[in-house]
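This briefing covers the pockets, the sheet with its helices, and the aromatic pairs. Please look over the sequence and the structure below before reading on.

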Amino acid sequence: AMLKRAGLELVYSRGFNPRPKVAFSPALSAGIAADSEHFEFETLGTATSTIMLEAINAALPAGVRLVDLRQVGREEPALAEIVRGGRYRVELPDTADPGLGIERWFARLDCEIERHDRGRTLRFDPRIEVSDVEQWGARTIAFTLAFHAEAAALRPDDVLRAMFGELPEGAQIVRERIVLADPGELTVPLPSRSATAVSPDVVRAVR
(Lines give C-alpha, C1' and ligand atoms only; values in the text may rest on other atoms or scores of the structure.)
Protein backbone atom coordinates (compact mmCIF):
# COMPACT_ATOMS: atom_id res chain seq x y z
CA ALA A 1 0.00 0.00 0.00
CA MET A 2 2.79 2.44 0.86
CA LEU A 3 4.41 1.89 -2.54
CA LYS A 4 1.15 2.71 -4.28
CA ARG A 5 0.69 5.82 -2.13
CA ALA A 6 4.21 6.84 -3.13
CA GLY A 7 3.09 6.80 -6.78
CA LEU A 8 5.38 3.96 -7.89
CA GLU A 9 4.46 1.89 -10.94
CA LEU A 10 4.90 -1.65 -9.65
CA VAL A 11 5.44 -4.85 -11.62
CA TYR A 12 2.78 -7.53 -10.99
CA SER A 13 2.90 -11.30 -11.21
CA ARG A 14 0.91 -13.11 -13.88
CA GLY A 15 -2.12 -15.37 -13.43
CA PHE A 16 -5.63 -15.10 -12.00
CA ASN A 17 -4.52 -13.31 -8.84
CA PRO A 18 -1.73 -10.91 -9.82
CA ARG A 19 0.26 -9.46 -6.95
CA PRO A 20 2.98 -6.80 -6.79
CA LYS A 21 6.45 -8.31 -6.99
CA VAL A 22 7.52 -7.42 -3.47
CA ALA A 23 9.66 -9.64 -1.23
CA PHE A 24 10.51 -9.17 2.43
CA SER A 25 13.16 -10.47 4.81
CA PRO A 26 12.11 -13.49 6.93
CA ALA A 27 9.01 -12.92 9.03
CA LEU A 28 9.29 -12.26 12.74
CA SER A 29 7.81 -14.63 15.30
CA ALA A 30 4.98 -13.27 17.43
CA GLY A 31 6.18 -10.99 20.22
CA ILE A 32 9.53 -10.11 18.62
CA ALA A 33 10.30 -6.53 17.59
CA ALA A 34 12.70 -5.38 14.87
CA ASP A 35 15.02 -2.40 14.58
CA SER A 36 15.44 -2.75 10.81
CA GLU A 37 14.07 -4.86 7.96
CA HIS A 38 14.86 -5.34 4.27
CA PHE A 39 12.55 -5.69 1.32
CA GLU A 40 12.77 -5.50 -2.46
CA PHE A 41 10.31 -4.66 -5.20
CA GLU A 42 10.16 -4.33 -8.96
CA THR A 43 9.04 -1.13 -10.65
CA LEU A 44 8.56 0.07 -14.20
CA GLY A 45 9.42 3.62 -13.27
CA THR A 46 12.58 5.46 -14.23
CA ALA A 47 12.90 7.57 -11.09
CA THR A 48 16.22 7.52 -9.28
CA SER A 49 16.63 5.72 -5.97
CA THR A 50 16.85 9.08 -4.18
CA ILE A 51 13.53 10.28 -5.59
CA MET A 52 11.81 6.96 -4.79
CA LEU A 53 13.22 6.99 -1.27
CA GLU A 54 11.81 10.47 -0.65
CA ALA A 55 8.42 9.52 -2.12
CA ILE A 56 8.13 6.36 -0.03
CA ASN A 57 9.16 8.10 3.19
CA ALA A 58 6.52 10.77 2.54
CA ALA A 59 3.90 8.00 2.31
CA LEU A 60 4.97 6.14 5.47
CA PRO A 61 3.33 6.65 8.86
CA ALA A 62 5.16 8.55 11.59
CA GLY A 63 7.90 6.53 13.24
CA VAL A 64 8.68 4.39 10.19
CA ARG A 65 11.12 5.35 7.45
CA LEU A 66 13.43 3.91 4.84
CA VAL A 67 17.09 4.64 5.52
CA ASP A 68 18.48 3.37 2.22
CA LEU A 69 17.27 2.24 -1.17
CA ARG A 70 19.39 0.86 -4.00
CA GLN A 71 18.76 -0.25 -7.56
CA VAL A 72 20.21 -3.68 -8.28
CA GLY A 73 20.90 -5.42 -11.56
CA ARG A 74 18.46 -8.13 -12.57
CA GLU A 75 21.38 -10.54 -12.78
CA GLU A 76 21.99 -10.09 -9.06
CA PRO A 77 20.60 -12.74 -6.65
CA ALA A 78 17.22 -12.08 -5.05
CA LEU A 79 17.00 -10.90 -1.47
CA ALA A 80 15.93 -14.38 -0.29
CA GLU A 81 19.14 -15.82 -1.74
CA ILE A 82 21.51 -13.53 0.17
CA VAL A 83 19.83 -13.50 3.59
CA ARG A 84 21.92 -15.65 5.90
CA GLY A 85 20.69 -14.85 9.37
CA GLY A 86 19.48 -12.38 11.95
CA ARG A 87 21.20 -10.59 14.82
CA TYR A 88 19.10 -10.56 18.01
CA ARG A 89 19.24 -8.57 21.23
CA VAL A 90 17.45 -9.77 24.36
CA GLU A 91 16.70 -7.55 27.36
CA LEU A 92 16.33 -9.92 30.31
CA PRO A 93 14.24 -9.47 33.46
CA ASP A 94 15.92 -9.21 36.86
CA THR A 95 15.11 -12.87 37.52
CA ALA A 96 17.43 -14.10 34.73
CA ASP A 97 21.22 -13.89 35.04
CA PRO A 98 22.71 -13.40 31.55
CA GLY A 99 26.16 -14.57 32.65
CA LEU A 100 24.84 -17.89 33.96
CA GLY A 101 22.69 -18.33 30.86
CA ILE A 102 25.64 -17.86 28.53
CA GLU A 103 27.81 -20.15 30.66
CA ARG A 104 25.15 -22.85 30.43
CA TRP A 105 24.91 -22.31 26.67
CA PHE A 106 28.61 -22.92 26.05
CA ALA A 107 28.57 -25.94 28.37
CA ARG A 108 25.95 -27.71 26.23
CA LEU A 109 27.13 -26.95 22.69
CA ASP A 110 27.59 -30.65 21.97
CA CYS A 111 23.86 -31.29 22.62
CA GLU A 112 21.19 -30.83 19.98
CA ILE A 113 18.33 -28.45 20.62
CA GLU A 114 14.90 -29.98 20.07
CA ARG A 115 11.62 -28.29 19.22
CA HIS A 116 8.31 -30.08 18.89
CA ASP A 117 6.17 -28.66 16.12
CA ARG A 118 2.81 -30.10 15.01
CA GLY A 119 3.74 -33.67 15.78
CA ARG A 120 7.31 -33.38 14.48
CA THR A 121 10.52 -33.23 16.45
CA LEU A 122 12.97 -30.75 14.94
CA ARG A 123 16.63 -31.02 15.94
CA PHE A 124 19.25 -28.29 15.59
CA ASP A 125 23.01 -28.23 16.08
CA PRO A 126 23.71 -25.08 18.15
CA ARG A 127 27.29 -24.90 16.88
CA ILE A 128 25.96 -24.40 13.34
CA GLU A 129 22.80 -22.42 14.03
CA VAL A 130 24.06 -19.86 16.58
CA SER A 131 27.12 -17.61 16.60
CA ASP A 132 28.53 -14.52 18.33
CA VAL A 133 26.85 -15.09 21.70
CA GLU A 134 27.67 -12.09 23.89
CA GLN A 135 26.64 -10.30 27.06
CA TRP A 136 26.08 -6.56 26.83
CA GLY A 137 25.92 -4.78 30.16
CA ALA A 138 24.10 -6.16 33.16
CA ARG A 139 20.88 -7.46 31.61
CA THR A 140 21.38 -7.86 27.86
CA ILE A 141 22.55 -10.73 25.69
CA ALA A 142 22.97 -10.87 21.91
CA PHE A 143 23.42 -13.65 19.37
CA THR A 144 23.16 -14.36 15.65
CA LEU A 145 20.86 -17.06 14.25
CA ALA A 146 21.26 -18.71 10.87
CA PHE A 147 18.31 -18.61 8.45
CA HIS A 148 17.51 -21.39 5.96
CA ALA A 149 15.53 -20.71 2.80
CA GLU A 150 13.80 -24.09 2.62
CA ALA A 151 14.20 -25.56 6.09
CA ALA A 152 13.16 -24.82 9.64
CA ALA A 153 15.45 -22.52 11.58
CA LEU A 154 16.23 -22.13 15.24
CA ARG A 155 14.21 -19.40 16.95
CA PRO A 156 15.34 -16.90 19.58
CA ASP A 157 13.08 -18.47 22.19
CA ASP A 158 14.75 -21.85 21.52
CA VAL A 159 18.10 -20.29 22.42
CA LEU A 160 16.71 -18.70 25.58
CA ARG A 161 15.15 -21.99 26.73
CA ALA A 162 18.51 -23.70 26.21
CA MET A 163 20.19 -20.99 28.30
CA PHE A 164 17.68 -20.70 31.14
CA GLY A 165 15.61 -23.90 31.05
CA GLU A 166 12.53 -21.89 30.12
CA LEU A 167 11.68 -18.65 28.39
CA PRO A 168 12.33 -15.91 30.99
CA GLU A 169 9.05 -14.12 31.68
CA GLY A 170 9.26 -10.53 30.52
CA ALA A 171 12.25 -11.02 28.20
CA GLN A 172 12.16 -8.53 25.34
CA ILE A 173 13.53 -9.88 22.05
CA VAL A 174 14.54 -7.54 19.22
CA ARG A 175 15.93 -8.46 15.82
CA GLU A 176 18.53 -5.75 15.34
CA ARG A 177 19.45 -6.46 11.75
CA ILE A 178 19.45 -8.94 8.91
CA VAL A 179 22.75 -10.65 8.09
CA LEU A 180 23.47 -10.78 4.37
CA ALA A 181 25.79 -13.05 2.39
CA ASP A 182 27.87 -10.17 1.07
CA PRO A 183 31.37 -10.43 2.57
CA GLY A 184 31.81 -8.05 5.46
CA GLU A 185 28.30 -6.62 5.06
CA LEU A 186 26.32 -7.42 8.20
CA THR A 187 24.57 -4.14 8.90
CA VAL A 188 22.36 -1.58 7.25
CA PRO A 189 22.51 0.01 4.81
CA LEU A 190 22.42 -2.57 2.07
CA PRO A 191 25.61 -3.10 0.10
CA SER A 192 26.12 -1.15 -3.10
CA ARG A 193 25.21 -3.12 -6.19
CA SER A 194 25.46 -2.37 -9.87
CA ALA A 195 22.83 0.16 -10.90
CA THR A 196 20.90 -0.54 -14.06
CA ALA A 197 18.80 1.58 -16.38
CA VAL A 198 16.86 -1.44 -17.64
CA SER A 199 13.14 -1.35 -16.94
CA PRO A 200 11.54 -3.05 -15.09
CA ASP A 201 14.11 -2.74 -12.37
CA VAL A 202 14.55 -4.34 -8.99
CA VAL A 203 14.84 -2.07 -6.01
CA ARG A 204 16.07 -3.19 -2.61
CA ALA A 205 15.30 -1.19 0.48
CA VAL A 206 15.86 -1.23 4.20
CA ARG A 207 13.94 0.36 7.02
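In what follows, Ala, Val, Leu, Ile, Met, Phe, Trp, Tyr, Cys and Pro count as nonpolar, Asp, Glu, Lys and Arg as charged, and the others, Gly among them, as polar. The model is predicted, with local features needing pLDDT of at least 70 and side-chain atom pairs pLDDT 80 or more, while totals for chains, interfaces and linings use all residues. Residues are numbered from 1 along each chain as its sequence is written, and side-chain values use heavy atoms, leaving out hydrogens and water. Helices (H or I, at least four residues) and strands (E, at least two) are DSSP runs numbered from the N terminus.

**Pockets**

- A pocket is an open set of points on a 1 Å grid over the protein atoms alone, where a 1.4 Å probe fits, with protein on both sides within 12 Å along at least five of seven lines; lining residues have an atom within 4 Å of a point.
- The largest pocket holds about 360 Å³ of space, a volume being the space filled by probe spheres set on the points, which are joined across faces, edges and corners.
- Its lining has 21 residues, and Pro26, Ala27, Phe147, His148 and Ala153 are the closest to the centre.
- By type, this lining of the largest pocket has 15 nonpolar, two polar and four charged residues.
- Strand S5 (residues 83–91) gives the largest share of that lining, three residues.
- The second largest pocket has about 200 Å³ of volume.
- Among the 14 residues lining the second largest pocket, Ser131, Asp132, Thr144, Leu145 and Val179 are the closest to its centre.
- That lining comprises six nonpolar, three polar and five charged residues.

**Sheet and helices**

- Five strands make an open sheet of mixed pairing, ordered S2-S10-S5-S9-S8; two strands pair if DSSP finds at least two bridges between them.
- Strand S2 (33–34) and S8 are the edge strands, each pairing on one side only.
- Five bridges join S8 and S9 in the antiparallel sense, and Gln135 stands opposite Ile141 in S9.
- Helix H4 (residues 98–107) lies across S8 and S9, at about 155° to S8; axes are lines fitted to C-alpha atoms, for helices over the stretch in contact, and angles run from 0 to 180 degrees between N-to-C directions.
- Helix H6 (residues 156–164) packs on the sheet and touches S5, S8, S9 and S10, contact meaning heavy atoms within 4.5 Å.
- The direction of H6 makes about 125° with that of S9.

**Aromatic pairs**

- There are three aromatic pairs in the structure; rings of Phe, Tyr and Trp (its six-membered ring) pair if their centres lie within 6.5 Å, and planes under 30 degrees apart count as stacked, over 60 as edge-to-face and the rest as tilted.
- Tyr88 and Phe143 are stacked, 6.1 Å centre to centre with 25° between the planes.
- This pair links distant parts of the chain, with Tyr88 in strand S5 and Phe143 in strand S9, 55 residues apart.
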